[in-house]
Amino acid sequence: MASEQKEQWGTRLGVILAVAGSAVGLGNFLRFPGQAAANGGGAFLIPYFAALLLLGIPIGWAEWAMGRYGGKKGFHSAPAIMGLFARGSLGRYLGVVGVLIPLAVSFYYIFLETWTFGYFLKYLTGGVGVPQNAPVAEQTAAAASFYNSFTGASQDGVLFTGDSKFTIISWIIVFAINLNFVFRGLSKGIEKFCSYAMPAMAVCALIVLIRVLTLGTPDPSNPEQSVINGLGYMWNPDYSRLGNAQTWLAAAGQIFFSLSVGFGVIINYSSYMKPTDDVALSGLTANATNELFEVGFGGMITLTAAFVFLGLSGTTAAVANGSFSLGFATLPVVFAHMGAFENIIGALWFFMLFLAAITSSLSMYQPAVATLKECLGWSHKKATSAIAGLGTIGAILTLWYTQGGAFWNTVDFWAGTLLIYVVAAVQIIYFGWVFGIERGWKEIHSGAAIRVPPVFKIIMKYVAPAYLIIIFIAFCFQNLGPSLTAAWASTGSRVGILVILATAAFLLVVVRIGEKRWRAQGLDIDDNNPAS
């Protein structure tokens, strides 16, 4: 425990950028525009911002405070910290899910990150083979062909054939970059990289956004496909869509996916803060940074560009095949219409996506590394090596079971979507009802640079848990049945379920060993003596 306590963030800005980097990922630039397009454009923003205010921000504050409090007691893993707030073993074992989520997601996320890196290299050296002056149908077919070839969507194992060396080589490079920074630790690795990557990402996004906003009406024969109308589609709500429960479900899901709330990263990152470091303003700043990238950059770039060149019907059709299809199979068609700027904008776009992806993927290993160090007493190098080994196994499975994306879509739904609701609900209930909202409120304001409006005390104790429970029930009602069927429909999906279960079993054993070690060491793992 003593060696773990020595690891801290270098600066307050560093932890804010690291948390924001964890949140700002492919979901901001691809998933958010896809969700908005599929749920009525501007109409989606109303439940989206409602979920931000009632779920994202308050639960985020609770996680920041929980993590810092755990750090005061010398703990940095989600199981140990949630055990403190639950005042017992149940919280520790539920906290395993807060380690399972980022670790399981990392298995496939590195693969998606490889797409951004590979596409960046392709645009840097001439593009992905989409002909500029061909009909849209031919361009779409060319973009889809490259996408399917690079991602191995046609069949399992195809990426290990001779024709797919570029994908495998790209993955090796990306995986090595991730491991390099994780091995360096918090301050010298993750914090240092994010302090450069986040500003660079903002510059790239700003350049691409300016180019998109100056497109005007590129096709005079389709005057309705203009930048103004594209922005109007994003910001002008169709109020009739608000009666659709799916719109509210999608908005809440996007907030969780985007802000890393319930993901297990914030509670780990904030545990390395100093006892008197501010969490109120830091948490709000990280959320605001994420929203700038998601709504200000992701939405306005992706939705507007797609609308201008593909129209409303084309944009809606594009997202019907999934958000990642929008980014990798549709936007190359959009770039092909930018003339001499095609490869420049394409390279900037995918480099920006790569930076967004890697700042997120770096955070996914840290909770698991901290858990092994804390529970087993391992060194940073040994724990990181073990997690790298697990990551390699997960990555190989992802690279092999590529047909239709069945493996990674299964892991994404069960670990990266459904379980996030569970962790967020458990955290806010423990924070408001077991730890106590008055005590929690005091913890949030310890060293705070701002005062959180008192209404959020009510939101944290009553509104957020109720909102979460209702959303979770509706989510299960609408999606659980078909998802259970899909989970066993193919070899890739079945392997995905087994990987989640095996990873969970491994982590449960680790936490059980850790619990015994902590009790033997006489540590206050049930918070019988509250920290000041």
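This is a predicted model: local features need pLDDT of at least 70, side-chain atom pairs count only at pLDDT 80 or more; totals for chains, interfaces and linings use all residues.
Student: Which residue follows α3 with a positive phi, near 90°?
Tutor: Numbering starts from 1 along each chain as its sequence is written. Helices here are DSSP runs of H or I, at least four residues long, numbered from the N terminus. After α3, the residue whose phi is positive, near 90°, is Gly40.

Student: What average pLDDT does the chain have?
Tutor: Of the residues, 99% score at least 70. Residues 1-5 fall below 50, and this stretch has 13 contacts (heavy atoms within 4.5 Å) in the model beyond near neighbours in sequence. For the chain, the average pLDDT is 93.

Student: How many of the 13 residues of α3 are buried?
Tutor: Buried means under 20% relative accessible area, exposed over 50% and partly exposed in between, with a 1.4 Å probe and protein chains only. Among the buried residues of α3 are Phe29, Arg31, Phe32 and Gln35. Helix α3 is largely enclosed by the rest of the structure, because the buried count is 12.

Student: How many residues of helix α16 are buried?
Tutor: Helix α16 covers residues 342-376, and its 35 residues should span 51 Å, which agrees with the 52 Å between its end C-alpha atoms. Just after α16, Gly377 takes a positive phi of about 75°. The helix is largely enclosed by the rest of the structure, because of its 35 residues the number buried is 31.

Student: Which helix supplies the largest share of the lining of the largest pocket?
Tutor: On a 1 Å grid over the protein atoms alone, a pocket is an open set of points with protein on both sides within 12 Å along at least five of seven lines, a cavity is a set where a 1.4 Å probe fits but cannot get out, and lining residues have an atom within 4 Å of a point. The largest pocket has 50 lining residues, and those closest to its centre are Gln35, Asn321, Gly322, Ser323 and Asn409. Helices α3 (26-38), α14 (280-319) and α15 (323-336) are among those that each supply at least two lining residues. The largest share, 9 residues, comes from α18.

Student: Which helix gives the largest share of the lining of the largest cavity?
Tutor: The model has 4 cavities of 30 Å³ or more, and the largest cavity holds about 200 Å³ of space. Its lining comprises 19 residues, of which Val105, Tyr109, Phe257, Phe263 and Met364 are the closest to its centre. Helices α2 (12-23), α3, α7, α16 and α18 each supply at least two lining residues. The largest share, 4 residues, comes from α7.

Student: Is Arg87 buried, partly exposed or exposed?
Tutor: Arg87 is not a glycine, although its phi is positive, about 60°. Arg87 sits in the loop between α5 (78-86) and α6 (89-95). With a relative accessible area of 43%, Arg87 is partly exposed.

Student: What relative accessibility does Asp527 have?
Tutor: Asp527 belongs to the segment after α21 (491-520). Its phi is also positive, near 55°, in a residue other than glycine. Asp527 counts as buried, since its relative accessibility is 0%.

Student: How far apart are the C-alpha atoms of Gly232 and Thr302?
Tutor: Gly232 is part of helix α11 (residues 227-235) and counts as buried at 16% relative accessibility. Thr302 is 70 residues away along the chain, and the C-alpha separation is 14 Å.

Student: What separation do the C-alpha atoms of Lys72 and Ser361 have?
Tutor: Lys72 lies in helix α4 (residues 42-72). Leaving aside residues up to four places away in sequence, Lys72 touches Pro275, Glu443, Ser446, Ala531 and Ser532. Ser361 is 289 residues from Lys72 along the chain, and their C-alpha atoms are separated by 27 Å.

Terms used
Side-chain values use heavy atoms; hydrogens and water are left out. The expected span of a helix is 1.5 Å times one less than its number of residues. pLDDT is the predictor's confidence in each residue, from 0 to 100. Grid points are joined across faces, edges and corners, and a volume is the space filled by probe spheres set on the points.
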